[in-house]
Amino acid sequence: MPSNGMGTAGLVLGIISAVVFCLWPIAIILGVLALIFGSIGRGKARRGEATNPGQALAGVICGAAGVVLGLVMLALVIATS
C-alpha cells in the first residue's frame, strides 16, 4: 500500500501558501512546510514507497512560490512603512 500522505500534504500546503501570500507570515511558514513535506514525498516516491511523485513535485514548486511571494510581500510592507 503506497503512503502518499507527504506528497499530498506538500501540495495542499503549497497551494494554500501561494494563495494567501498577502498574509505573509502564514505564507512563509506554510511554504517552508510544503517544501519539507514535498521533498520527503519525492524521496518516498523515488524509493517506491509512494505513487505520487508529481504531486510531491507540485508541492515543492507551489511551496517555493508561496515563500517567494510571502517574502516579496514582506519587502513591500517594509518598504511602504
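Valine 19 lies in helix H1 of a predicted model. With a relative accessible area of 60%, valine 19 is exposed. A separation of ten residues in sequence corresponds, for valine 19 and isoleucine 29, to a C-alpha to C-alpha distance of 13 Å. Isoleucine 36, by contrast in location, belongs to helix H2. Its relative accessible area of 43% places isoleucine 36 in the partly exposed class, since that class lies between 20% and 50%. Isoleucine 36 and methionine 6 are separated by 30 residues along the chain, while their C-alpha atoms are 9.0 Å apart in space.

The overall architecture was examined next. The protein contains three helices and zero strands, and its elements follow the order α-α-α from the N terminus. Taken along the principal axes, the box filled by the C-alpha atoms has dimensions of roughly 50 × 15 × 15 Å. Of the 81 residues in the protein, 28% are buried. Among contacts with a separation of 6 or more, 76% are accounted for by residues 24 or more positions apart.

The packing of H1 against H2 was then considered. Helix H1 spans residues 5-19 and helix H2 spans residues 24-47; their axes come within 7 Å and cross at roughly 155 degrees. Angles over 145 degrees count as roughly antiparallel, and H1 and H2 are therefore roughly antiparallel to each other. The crossing in which H1 passes H2 is left-handed. On the H1 side, the contact comprises Met6, Gly7, Ala9, Gly10, Leu13, Gly14, Ile16 and Ser17. These residues meet Ala27, Leu30, Gly31, Leu33, Ala34, Phe37, Gly38, Ile40, Gly41 and Lys44 of H2. Classified by residue type, the contact of H1 with H2 consists of ten nonpolar, seven polar and one charged residues.

Helix H1 also packs against helix H3, which covers residues 53-80. The axes of H1 and H3 are 7 Å apart, and the packing angle is about 25 degrees. Angles under 35 degrees count as roughly parallel, and H1 and H3 are therefore roughly parallel to each other. The crossing of H1 and H3 is left-handed. From H1, the contact involves Gly7, Thr8, Gly10, Leu11, Gly14, Ile15, Ser17 and Ala18. The partners contributed by H3 are Gln55, Ala56, Ala58, Gly59, Cys62, Gly63, Gly66 and Leu69. By class, seven nonpolar and nine polar residues make up the contact of H1 with H3, and no charged residues take part. Gly7, Gly10, Gly14 and Ser17 of H1 are listed in the contact with H2 and in the contact with H3.

The structure holds one salt bridge. This salt bridge joins arginine 47 to glutamate 49, with 3.2 Å between the closest N and O atoms. Arginine 47, at 55% relative accessibility, counts as exposed, because the exposed class begins over 50%. Glutamate 49, at 37% relative accessibility, counts as partly exposed. Arginine 47 is within the residue range of H2, 24-47.

Definitions and conventions. Residues numbered from 1 in each chain as written. Predicted model: local features only at pLDDT ≥ 70, side-chain atom pairs only at ≥ 80, totals over all residues. Heavy atoms only, no water. Axes fitted to C-alpha atoms, helices over the stretch in contact; angles between N-to-C directions. Helix = DSSP H or I, 4+ residues; strand = E, 2+ residues; numbered from the N terminus. Parallel < 35°, antiparallel > 145°, perpendicular 65-115°, else oblique. Left-handed = near helix turned anticlockwise from the far one by under 90°. Contact = heavy atoms within 4.5 Å. Nonpolar A, V, L, I, M, F, W, Y, C, P; charged D, E, K, R; others polar. Salt bridge = Lys/Arg side-chain N within 4 Å of Asp/Glu carboxyl O. Buried < 20%, exposed > 50% of the residue type's maximum accessible area, 1.4 Å probe, protein only.
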